[in-house]
Amino acid sequence: MTSTARPSKPKIIVTRRLPEGTEARLTELFPDVELAQGEGITDKAGLVDAAARCDILVPTVIDHVDADVLAAGAGRLKLIANFGNGVDHIDLPAARRAGVIVTNTLGVLTEDTADMTMALILSVPRRLAEGEKLVRSGDWGGWSPGAMLGHRITGKRLGIIGMGRIGQAVARRALAFGLTISYHNRHRLPAVVEQELAATWEADLDRLLIRSDIVSIHCPHTAETEHLLDARRIGLLGPQSYLINTARGEIVEEKALIDRLERGEIGGAGLDVFEREPLVDPRLLALDNVVLLPHMGSATFEGRAATGERVIAAIRQWLDGDRPRDQVLEGWA
């Protein structure tokens, strides 16, 4: 098979259980689909075996498709149709060298993730998680003027790191809550977009961190953004500031963040992602000024169904001989 050939009956292997509707559509449209059983493929050996046996691999964001996996698929594997947006778990240079097309589902989960981000922006300063735990504990003694005081967000400055689709969606929501918006991005947005979002570009990330009351991360995880918020930059956050992360845990040097949280040197954090997930540092679990979520920013029925449809569309476009609309190109981040 040449690099441009398309098999008439491609072997498709799905690494994890997908929504029932997506699995049904895959088996309806394609004659040779191997769906995941149980927990699916959970280790590298399983991914290597799958890559060697299929024309199309459908992984998820927790499946690490590295150079070894791609080497195992040499000569047969032609398409990786990723179920999800981020592709930091796929060795893109190795895929390009192997002639393997990679697609993702960019934009499908924008609104869901922005909603969850806004929920954390509200939850942490207003101590919603603490209040909920207090009620469940049975120790709540009723309303009093000084009980469970938090901070209002109206009038505060929100600093957004990464002003792509999700960052802009968060900005639109934040406007309705009276937040002043600054952003740091590799490239400045067009003036018309800045005006629409009432957002001010900050070229210096350090300055953004110093000036912001709430910082929300929305950049992709790449080699350049690994520990973008390292100990030095986390040290720039003020004593009543809050850090929100619904992007990728590796962008933040988690130990440095925990150290400052434990010492009460920043107001709190809202984390939907972790540096070594699913492992969560026990010190985070002991902190009251942190809201912790199990990477559920995109977890809606609607979002998962839409993601499945985009995966199917990418497979069909490729089989038709077209370049998939969602192909990940050089400089995707």
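Helix 5 (residues 110-126) and helix 7 (residues 165-176) have axes that come within 9 Å and cross at roughly 50°. The model is predicted, so to speak of local features pLDDT must be at least 70, side-chain atom pairs count only at pLDDT 80 or more, and totals for chains, interfaces and linings use all residues. Residues are numbered from 1 along each chain as its sequence is written, and side-chain values use heavy atoms, with hydrogens and water left out.

**The helix pair**

- Helix 5 passes helix 7 in a right-handed crossing, meaning the near helix is turned clockwise from the far one by less than a right angle.
- Contact means heavy atoms within 4.5 Å, and among the residues of helix 5 that meet helix 7 are Thr110, Met118 and Ile121.
- Sort the contact residues by type and you get seven nonpolar, three polar and four charged.

**Strand 9 and its neighbours**

- Strand 9 (residues 214-217) is covered on both faces, with Ile214 and Ser216 buried on one side and Val215 and Ile217 buried on the other (buried is under 20% relative accessible area, with a 1.4 Å probe and protein chains only).
- Strand 6 (residues 157-161) pairs with strand 9 in the parallel sense over four bridges (pairing takes at least two DSSP bridges).
- In strand 9, Ile217 has Ile161 opposite.
- Strand 10 (residues 242-245) also pairs with strand 9 in the parallel sense, over four bridges.
- Leu243 in strand 10 stands opposite Val215.

Conventions:
Axes fitted to C-alpha atoms, helices over the stretch in contact; angles between N-to-C directions. Helix = DSSP H or I, 4+ residues; strand = E, 2+ residues; numbered from the N terminus. Nonpolar A, V, L, I, M, F, W, Y, C, P; charged D, E, K, R; others polar. Buried < 20%, exposed > 50% of the residue type's maximum accessible area, 1.4 Å probe, protein only.
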